Amino acid sequence: MLLATVVMEALDGYGGKPAHVSMMEANVMLVLALCIVVLSLGFEFAKDRLQRATPKELHAMLDQMFSELTLLGFIGILLFFAEQSVAIADYSERVFGDPDTISDCAEEVHMTLFLVMLVYLGMVVCLVVVV
């Protein structure tokens, strides 16, 4: 409860405008932040375990896999910003008559890239386990 109050006060006035964040929204933000931290730690532990279980000859392949994950993450961030852009919404309104069309397409591409990343990750893990 105290953390939610701190979040509410921190968000209040952010960007020069009052945030109007309810206690429930602040609690949801805290839970989401906690989930991100737990998932990040889980990923790091899994990555470390995978590297320890992988023969030295395949470490270059693992390094390449994590490099690809970084690239896809960067592309995902760019697509997220494109989805949120007011300029993109304005352009979509002019071209398609709907401000959400391009944003919806960007979200579709974003989710497809995520699926490709999962398939790629699964393939590399399967190769490491088999070899």
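1. The structure is a predicted model, in which local features need pLDDT of at least 70 and side-chain atom pairs count only at pLDDT 80 or more, while totals for chains, interfaces and linings use all residues. Residues are numbered from 1 along each chain as its sequence is written, and side-chain values use heavy atoms, with hydrogens and water left out.

2. The protein chain contains 5 helices and 0 strands. Read from the N terminus, its elements follow the order α-α-α-α-α. Helices (H or I, at least four residues) and strands (E, at least two) are DSSP runs, numbered from the N terminus.

3. Of the 131 residues in the protein chain, 16% count as buried. The term buried means under 20% relative accessible area, exposed means over 50%, and partly exposed lies in between (1.4 Å probe, protein chains only). Among contacts (heavy atoms within 4.5 Å) between residues at least 6 apart in sequence, 43% join residues at least 24 apart.

4. Helix H3 (residues 59-84) holds Phe-80, and Ile-75 also lies in helix H3. Phe-80 is classed as partly exposed because its relative accessible area is 40%. The C-alpha atom of Phe-80 is separated by 7.8 Å from that of Ala-106, although the two residues are 26 apart along the chain. Ile-75 is likewise partly exposed, with a relative accessible area of 30%. Its C-alpha atom is separated by 8.2 Å from that of His-110, 35 residues away along the chain.

5. The structure holds 1 salt bridge, a term that denotes a side-chain nitrogen of Lys or Arg within 4 Å of a carboxyl oxygen of Asp or Glu. The side chains that meet in this salt bridge are those of Arg-52 and Asp-48, at 3.2 Å from N to O. Both residues belong to helix H2 (residues 23-53) and are 4 residues apart, about one turn of the helix. Arg-52 counts as exposed because its relative accessibility is 69%, whereas Asp-48 is partly exposed at 33%.

6. Which residues form the negative surface patch? The patch consists of Asp-90, Glu-93, Asp-98, Asp-100, Asp-104, Glu-107 and Glu-108. Patches are made of residues with over 30% relative accessible area and no salt bridge, with like charges joined within 9 Å and nonpolar side chains (Val, Leu, Ile, Met, Phe, Trp, Tyr) within 5 Å. Lys and Arg count as positive and Asp and Glu as negative, while His and the chain ends are not counted. The place of a charge is taken as NZ of Lys, CZ of Arg, CG of Asp or CD of Glu.

7. Helix H4 (86-96) and helix H5 (101-130) each supply at least two residues of the negative patch. The largest share, 3 residues, comes from H5. Asp-100 is placed in the loop between H4 and H5, and it counts as partly exposed because its relative accessibility is 42%.

8. A nonpolar surface patch of about 310 Å² is made by Met-24, Val-28 and Leu-32. Met-24 is located in helix H2. With a relative accessibility of 60%, Met-24 counts as exposed.

Notes
Accessible areas come from the Shrake-Rupley method with a 1.4 Å probe; for residues, only the protein chains shown count as cover.
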